[in-house]
Amino acid sequence: MFSERAVSIALTAVVGIVLLAMAWGAQDFLRYSRHFPFTFGLIGAVLAAVIIFRDLVVARPPVPDEPVGDAASEGGHSPLQVFAWFALYFGLVPVLGFPLATGVFTVAFLRVVAGAGWILAIVYAAAAMGFIFFMGSMLNMEWPTGFVSRAIMSRMG
Amino acid sequence: MRNFNSPMGALAGAAMVIAGLSVAAPVHAQDAPYYEGKTLNLLVPFGPGGGTDVWARYLAEYLPEAIEGSPTVLVENRPGGGSITGVNHFAMQVEPDGETVLITSGSSIQPYLLEDPAVRYDLADWRPVAANPVGAIFYVHPSTGIESADDLGSASEELYYGGISATGNDLVMLLIFDLLDMNVQSIMGYDGKGPIRVAYERGEVNTDYQVTPAYTTSVEPLVAADQAVPIFTFGIIDANGDVVADEAFPDLPTVKDVYISIHGEEPSGQAWEAYKTFLAAGFGVQKIMWVKNDTPEQAVAALEEAIRQIAEDPEAIERGVEVLGGYPLLYGEDAAAAARSIVNADPEAAAYAMSFLEELGLR
Amino acid sequence: MLDALMQAFAGILTFGTLLPLLLGVVVGIVIGVLPGLGGVVGFSLLLPFVFNLEPSAAIAMLIGLAAVVPTSDTFPSVLMGIPGSSGSQATIMDGYPLARKGQGARALGAAFTASLMGGLIGALVLTAAIPIARPLILMFGSPELLMLAILGLTMVGILSAGNALRGVLAGIVGLMIGTIGAAPSDPEYRFTFDILYLYDGVPLIVVALGLFAIPEIVDLLASGRAIAPEKGGANMGQLMRGIREGFAHWRLVLRCSGIGVIIGAIPGLGGSVVDWISYSQAKATIPNNHFGEGDIRGVIAPESSNNAKEGGALLPTLLFGIPGSGSMAVLLGGMTLLGIQPGPSMVTTDLPITLTAIWSLAIANILGVVICIALAGVIARLCFVPFPMLAPAILLVVVFGAYQATRSWGDWVALVLLGILGWLMKRYGWSRPAILVGFVLAPITEQYFFISMSRYGLEWMLRPGVVIVGVLILALLVSGFLLSRKEKKGVA
């Protein structure tokens, strides 16, 4: 894989390019609206270039802004795996609807990652879904229903 | 169960939800009231706490009793996109069953008139069941030397006006400045009418308008302390679409009166049509409750009857002084007439407004 | 005045008023504990009751809610590194490192003590300032507000000391995210790509949850352990230690409460930078600090100011009808429903309402802190549970909180994208607070800049208020620079 340093520089570069693109796009805005994004986008892009230059030439490792020392791999899960779980969750929502997706995700996650028993996982998931229904009814909210839930609902009339 | 209206009621409601009990809808006989056992949703395209939300919540308080069949009434907030999100949602996702009605303010109408590409609704597809007009008063600081509408052209210092957004309600004010040949420097970008009034009080701007309720509580004390002089009202749109005197301020001239005294003739032409259209959108029917055209007649009749009851209920009127701004709640033909000037807006009037904004460099 | 104050006190001690107040406090505590749900959500829960209560009881309930949200939102900020609401983001900076050392209860104890004193100071200042507040608030024109926004922006420099270039770049990223949506001075939508969700800009709470909550959940899950791997001593003992520390640093509490009240009272700045400003100024002025590594003073500073802020924010809300913070905007809506129009009458004919508001604020702060301290011992234990067990619940609350912002898919897309950005930035040493500060202050800075320029030309720079704030900015920057240099020398 890539070195941490390479990824760090790439991140700065992407940020710089996005800011430059925003400054570029800002030129089309109306009288007052263009100055602010144009100016700061440009300054940001220049700053990103300076940082990349410094990282390349001086080769000083970036300093973390908070002292979180845990190495990501220690616990056996890589951050990518965690993001995959998130993707699963959000992927389930349009299929099952928000409440049901939460329940299924919770059971799966607790069984696979946390090593919980079936009973605990199911009670936990029921509580999670209860939270959604309770808050939803108090705030009169609707959420994405998902086509499976819609099918069940229409079957039930 | 009514709209949770006591702490205990809410707790009971919450308990029911927790326990998963739901009240089964009763089977309808043919002649049962349309809303019996149903839930009426008031869709508000703004977050909680704003003027439109408060207007909806005021109605939500009286509707359960006023509608035959006593439905549960809930307010559903769907903010976003400067209210366009919620209104689009109503247009595209809501069934015309009368169980969800839409509450709008001028913020939803102006983008429609100005053909904002994000707008996915056509007001002609809907009909108003309730509407609420509000008046507005233009006032200046005494330091401007302006004592009445006759002095508008001879201010003794530069005039500054503070606004929120040129495509919102401030468009009406900008059109007035144009109609009355007033030379005013407009500064847009303030957070709201409250902050603008504060800017007025500290001298950052020296002209301003406020709607009637805010004028009564916050500007009248300034008038009494010689810190403000009321000059004219925006006028009220009557059932024929004409601008007439504001009953709340019978002694003040309307924009129309001032126009006549300056130009020596009745106002006409595209500029005036644009003024009337946007006056209606922002003030004349500042708040509207809409249903879709193909909503069952039974439902519309039940809603209109309910609004009539609320509009005539002395207790509701008394409690609604702040919410309604001191103007009557319109229903039935009155509401339809009031909304007509925006639903049937002359496309040329809107086109004039757009080119007017373009000339100002605002489009 | 004193007489009326006592009368209002007697009025509030009735069952009909205390019960709604308590309801407001309980809802406020729950809402504060749940990340992403802030005062606005709480108000929409309570607004249905407002209509059927006496005005004074309804005001008590609404104020009760507003008063305790900044107390209880400390729980997720300290224990999980997730902002409980937009008002307690800065508490994360030192509260969370303390929790990871197993000293969560200590941080909570200090935070609640600071909250209590801050809240009471807020109520006290409110009482004293009511008669003279109108002219004071009127002193702040757009140029002065612009300078205060710039003062807030200079905090970016202080917050990212040690990695200044990247910090400033992060601040600019925040500014640019803040320009998305409707522009303040023109009818123009910027960087919306015709996506309706972006018209109003990305909601603050989605930005905060994306930048802080998602990266924390990812890293904790990757580590597979509890938030606090080791216990830092008995919970109750720690709680008491924290409470003592809160009192011991009373000077800091006093200073930060003052900052909170003033910034809350100045309409137009918004309540969500108060905690950052007081955190940064503490960092820039306290010698030998270990801010960012679990310094208890880094918890006390923001926590005292965010409770005091609500007292300050009531001033413009009641006197001018302009809200000083997000939850105050909804309080205004509630007042309209009650038929109370804020304005000059709040100190004359409607004075009893104002006094009820003050008492409610004070009593709610006390009730809120008592309840929170009672809960602290138990809730702090969550830190010692293996995180994979907690993760689904926390993720759900974060996802729900984000969705509550505008109730659209866009909230989730923004949450995930900002989560990835936040995670990368955390990993590669970018200052995420700088992004937040830039994001919050971008629209304000731009708005007041163009208002100042189009009203006064360049002359706005010569106004006395502008000069005073300018000197303050310089002093803070110099002080922060000197302190960080001294520290570096000390280390070397």
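Reader: How many residues of chain C are in contact with chain A, and with how many residues there?

Author: This is a predicted model. In it, 69 residues of chain C are in contact with 72 residues of chain A.

Reader: How do I read the area of that interface?

Author: Start with the general idea. Interface size is often stated as the accessible area that is lost when the parts come together. Now the case here. Between chain C and chain A, about 6400 Å² is buried. Carbon and sulfur atoms give 75% of that area.

Reader: How many salt bridges and polar contacts are there between chain C and chain A?

Author: General idea again. Opposite charges on side chains can pair when the charged atoms come close. Between chain C and chain A the count is three salt bridges. One pair is A:Glu4 with C:Arg427. Their closest N and O atoms are 3.1 Å apart.

Reader: What pLDDT does chain A average?

Author: Chain A averages 85, and 86% of its residues score at least 70. Check the stretch at residues 63-74 of chain A, though: the pLDDT there is below 50. Beyond near neighbours in sequence, that stretch has 24 contacts in the model.

Reader: How many salt bridges are there over all chains?

Author: The count comes to 24. Take B:Lys256 and B:Glu266, which meet at 3.9 Å, N to O. B:Lys256 lies in helix α8 (residues 255-263) of chain B, and B:Glu266 in the loop between α8 and α9 (270-284), so the pair ties together parts ten residues apart in sequence.

Reader: Is B:Lys256 buried or exposed? And B:Glu266?

Author: Use the cut-offs: buried is under 20% relative accessible area, exposed is over 50%. B:Lys256 is at 18%, so it counts as buried. B:Glu266 is at 51%, so it counts as exposed.

Reader: Where do B:Lys276 and B:Glu273 lie?

Author: Both lie in helix α9 of chain B, three residues apart, about one turn of the helix. B:Lys276 counts as buried at 14% relative accessibility. B:Glu273 counts as partly exposed at 31%.

Reader: Which distant parts of the chain does the pair C:Arg106 and C:Glu245 link?

Author: The side chains of C:Arg106 and C:Glu245 meet in a salt bridge at 2.7 Å, N to O. C:Arg106 is in helix α7 (residues 104-129) of chain C, and C:Glu245 is in helix α12 (residues 235-248), 139 residues apart. C:Arg106 and C:Glu245 are both buried.

Reader: Which residues do salt bridges with shared partners join into one network?

Author: They join A:Arg54, A:Asp55 and C:Arg166.

Reader: What is C:Thr154 in contact with, leaving aside its neighbours within four places in sequence?

Author: C:Thr154 is in contact with C:Ile473 and C:Leu477. C:Thr154 sits in helix α9 (residues 142-159) of chain C. Its relative accessible area is 16%, so C:Thr154 is buried.

Key
Residues numbered from 1 in each chain as written. Chains lettered and ligands numbered in written order. Predicted model: local features only at pLDDT ≥ 70, side-chain atom pairs only at ≥ 80, totals over all residues. Heavy atoms only, no water. Contact = heavy atoms within 4.5 Å. Buried area = accessible area lost by both parts, 1.4 Å probe. Salt bridge = Lys/Arg side-chain N within 4 Å of Asp/Glu carboxyl O. pLDDT = per-residue confidence, 0-100. Helix = DSSP H or I, 4+ residues; strand = E, 2+ residues; numbered from the N terminus. Buried < 20%, exposed > 50% of the residue type's maximum accessible area, 1.4 Å probe, protein only.
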